[in-house]
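I opened this chain to see how its parts are arranged and which side chains pair up. My entries are below.

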Amino acid sequence: MKKVFFLLSAICLSTFAKAQTSGNPQNEIKLNIANTIAIASVEFGYERFLDENQSVEAIVLFNDRINYHSESGSRKFNTTSFKFGYNYYFGEDAGSGIYANPFIKIRTGDFTEDETIDERIVESETDMDSFIVGLGGGYKWNFNNKFVLGPFINIGRNFSDEVKDRFSAIEFNAGFQIGYRF
């Protein structure tokens, strides 16, 4: 799975590796700082602008938790997700304002928890490998075409039967991103 992600990343980067034609930066790196602080889930992203109102993005989520389930007690997420999306900005300034974000997401890993069965503690494992399709949106403030920040919210549909049996078919994610444009 990691080889597939790196291959897709290399293709995307080489496809969009063009000289900047306008005065606006074409690249953005970002971090979802809210989830890093609140639930120790690290979410890094790269966004490449196609024009002033459109971009494509690739995001890697480490310790991706479904609907903010905690890891308290004997529960542990060991998951990594790869999200690929398209952003359309409705604001008048380049790459800022309200935006819509259709996306696909691929998750790998597992979830383990201890269960008590007949007075014995047994470790239960859920295979978290899944494919998710969703839609998101948010708002982005652009400061001097260098620093950006803003809230976002996503909702997606999970197509893994094993994950749906343990958790839910609908997944929710939100956060607050900070980023740098170059």
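These notes go from the whole chain to single residues.

Entry 1, ground rules. I am working with a predicted model, in which local features need pLDDT of at least 70, side-chain atom pairs count only at pLDDT 80 or more, and totals for chains, interfaces and linings use all residues. Residues are numbered from 1 along each chain as its sequence is written, and side-chain values use heavy atoms, with hydrogens and water left out.

I looked up the helices (DSSP runs of H or I, at least four residues) and strands (runs of E, at least two), both numbered from the N terminus. The chain has 3 helices and 9 strands, in the order α-β-α-β-β-β-β-β-β-β-α-β. Of its 182 residues, 41% are buried. Buried means under 20% relative accessible area, exposed over 50%, and partly exposed in between (1.4 Å probe, protein chains only).

A salt bridge is a side-chain nitrogen of Lys or Arg within 4 Å of a carboxyl oxygen of Asp or Glu. I found 11 of them in the structure. Side chains of opposite charge can pair when their charged atoms come close.

Which residues form salt bridges with Arg107? One is Asp64, with the closest N and O atoms 3.3 Å apart. Arg107 is in strand β5 and Asp64 in a loop, so this pair ties together parts 43 residues apart in sequence. Both Arg107 and Asp64 are buried. Another is Glu171, at 2.6 Å from N to O. That pair links strand β9 (residues 170-181), which holds Glu171, to strand β5, 64 residues apart. Glu171 is buried, as is Arg107.

Arg166 is in helix α3 (residues 161-166) and Glu113 in strand β5, 53 residues apart. Arg166 counts as partly exposed because its relative accessibility is 27%, whereas Glu113, at 12%, counts as buried.

Is Glu57 buried or exposed? Glu57 is buried, because its relative accessible area is 7%. Glu57 sits in strand β3 (residues 54-62). I then checked its polar contacts (pairs of N or O atoms within 3.5 Å; within protein, one must be able to donate a hydrogen and the other to accept it, and residues adjacent in sequence count only if both atoms are side-chain atoms). The side chain of Glu57 makes one of 2.8 Å with that of Lys30 and one of 3.0 Å with that of Asn101. Glu57 and Lys30 also belong to a salt-bridge network that includes Glu28 and Arg181.
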